[in-house]
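Biologist: I'm new to this one. Can you walk me through it, one bit at a time?
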Amino acid sequence: MKRKEKILKDLAVIKRKQLAEKHGSLNPIFCGGCGHFTALNSIYNTMYNLKINYKNLVVVSGIGCSGRSPGFIKSFGFHGVHGRALPIATGVKLANPKLDVIVIGGDGDGLGIGGGHLPHAARMNINITYLLLDNSLYGLTKGQAAATTPFGQITPTTPYGNPGHELDPIKLSLVQGATFVARGFSGYPDELNDMVTEGVKHKGFSLIHVLSPCVTFNKSETYDLYYKTCEQLPKKRDLKNLQKAIGYAAEEKNYLGIFYQKKMNTLEDNFQNIINFVADKR
Ligand code: SF4
């Protein structure tokens, strides 16, 4: 490395350390244009909108590009192992229900390796918010096929086309009992900010599926494609109507907006009821 380049690199490291000391977090290191910037920003905006004290917030992630996010947020954070963000977040919330808990992770982490945990978080209605950033592949490891890679897509691990069909987290969460289900797109940051704020305000499990393009490895699921194909859910709709929500999710469209929202006791409420019942008996 030439001397000048080395000096510039050292200066960049020093600047990053200074910023880290000031804000208590590191600068995001996503590729320029990555959809994950918008998702991260929606968490900053939600903290501002809801006046969330960073000492009261825990951000949990698994592995993947988006898994690095807790390091870029001034809050408590837990960068766990692959696919295990939801069980870790469940433990955090049950240990201290007063905390705000946000999970952030990718489609590979949350629907492939950790796919078994989403139905249980949904059915138990634990009061946490899950931002599932979907770029339709494994970005951190250079673009291999993941659970949401479309059928027929060519990737480094599917050179003759993906033989499997993609998994839809909206349909899965709706049928498994999630009480807040929404889809946003990194290309519409204001809408995503509002959606994440509503998701955090919701008392129960909130799944926010974010179409978040990987500009480096995915040349198919791009901003252009989503700008052309995404549609807003109809304005007049009953958010409590599960059958309608499933109907919208089943259409061959990338609908954006809140599909479904319902009030229900949370897992923490149910545990508290059991504790009260046992205490009364004694
Ligand atoms: Fe984003 Fe893709 Fe770069 Fe990962 S590899 S930071 S998902 S653009």
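Biologist: Where is lysine 142 found?
Modeller: This is a predicted model. In it, lysine 142 is in the loop between E5 and strand E6 (144–145).
Biologist: What is its phi near?
Modeller: Phi of lysine 142 is near 85°. That is a positive value in a residue other than glycine.
Biologist: Is lysine 142 buried or exposed?
Modeller: Lysine 142 counts as exposed, at 59% relative accessibility. The cut-off for exposed is over 50%.
Biologist: And serine 136, what about its phi?
Modeller: Serine 136 has a positive phi too, about 65°, although it is not a glycine. It is in the loop between strand E4 (129–134) and strand E5 (137–138).
Biologist: Is serine 136 buried or exposed?
Modeller: Buried, with a relative accessible area of 4%. Under 20% counts as buried.

Biologist: Which residues are on each side?
Modeller: Phe180, Ala182 and Gly184 are on one side of E7. Val181, Arg183 and Phe185 are on the other. Both faces are covered.
Biologist: In what sense do E7 and E8 pair?
Modeller: E7 and strand E8 (residues 206–211) are parallel, over 6 bridges. Alanine 182 has isoleucine 208 in E8 as its bridge partner.
Biologist: Through which helix does the chain cross from E7 to E8?
Modeller: Through helix H7 (residues 189–201). This β-α-β crossover is right-handed.
Biologist: How many bridges join E7 to E10?
Modeller: There are 4 bridges between E7 and strand E10 (residues 254–261), and these strands run antiparallel. Phenylalanine 180 stands opposite glutamine 261 in E10.

Biologist: What about E3, how many of its residues are buried?
Modeller: Strand E3 (residues 100–106) has 6 of its 7 residues buried, so to speak mostly covered.
Biologist: How many bridges join E1 to E3?
Modeller: Strand E1 (residues 57–61) runs parallel to E3, with 5 bridges. Valine 60 stands opposite valine 103 in E3.
Biologist: And how many join E3 to E4?
Modeller: E3 and E4 are joined by 5 bridges, and they run parallel. Isoleucine 104 has leucine 131 in E4 as its bridge partner.

Biologist: Now the ligand. Which residues surround it?
Modeller: Phe30, Cys31, Cys34, His36, Cys65, Asn135, Gly139, Cys214, Val215, Thr216 and Phe217.
Biologist: How does that shell divide by residue type?
Modeller: The shell around the ligand has 7 nonpolar residues, 4 polar and no charged.

Biologist: On to open space. How much lies in the largest pocket?
Modeller: The largest pocket holds about 530 Å³. It is lined by 21 residues, and the closest to its centre are Glu166, Asp168, Arg183, Lys253 and Asn254.
Biologist: Which elements each supply at least two residues of that lining?
Modeller: Helix H6 (169–175), E8, helix H8 (223–229) and H9.
Biologist: And the residue types there, how do they divide?
Modeller: The lining of the largest pocket has 8 nonpolar, 4 polar and 9 charged residues.

Biologist: How many cavities of 30 Å³ or more are there?
Modeller: A search of the whole structure finds 2. The largest cavity has a volume of about 50 Å³.
Biologist: Which residues line the largest cavity?
Modeller: Among them are Gly83, Pro87, Asp109, His117 and Tyr130. H3 gives the most to this lining, 3 residues. Helix H3 (85–95) and helix H4 (107–113) each supply at least two. The lining divides into 4 nonpolar, 4 polar and 1 charged.
Biologist: What about the second largest cavity, how much space is in it?
Modeller: About 40 Å³. Its lining includes Arg237, Asp238, Lys244 and Phe259. Helix H9 (residues 242–250) provides the largest share of that lining, 3 residues.
Biologist: How does that lining divide?
Modeller: The second largest cavity is lined by 4 nonpolar, 1 polar and 3 charged residues.

Conventions. Residues numbered from 1 in each chain as written. Predicted model: local features only at pLDDT ≥ 70, side-chain atom pairs only at ≥ 80, totals over all residues. Heavy atoms only, no water. Near = heavy atom within 4 Å. Nonpolar A, V, L, I, M, F, W, Y, C, P; charged D, E, K, R; others polar. 1 Å grid on protein atoms, 1.4 Å probe; cavity = no way out; pocket = protein on both sides within 12 Å on 5 of 7 lines; lining within 4 Å. Points joined across faces, edges and corners; volume = space filled by probe spheres on them. Buried < 20%, exposed > 50% of the residue type's maximum accessible area, 1.4 Å probe, protein only. Pairing = 2+ DSSP bridges. Right-handed = clockwise from strand over helix to strand, strands pointing away.
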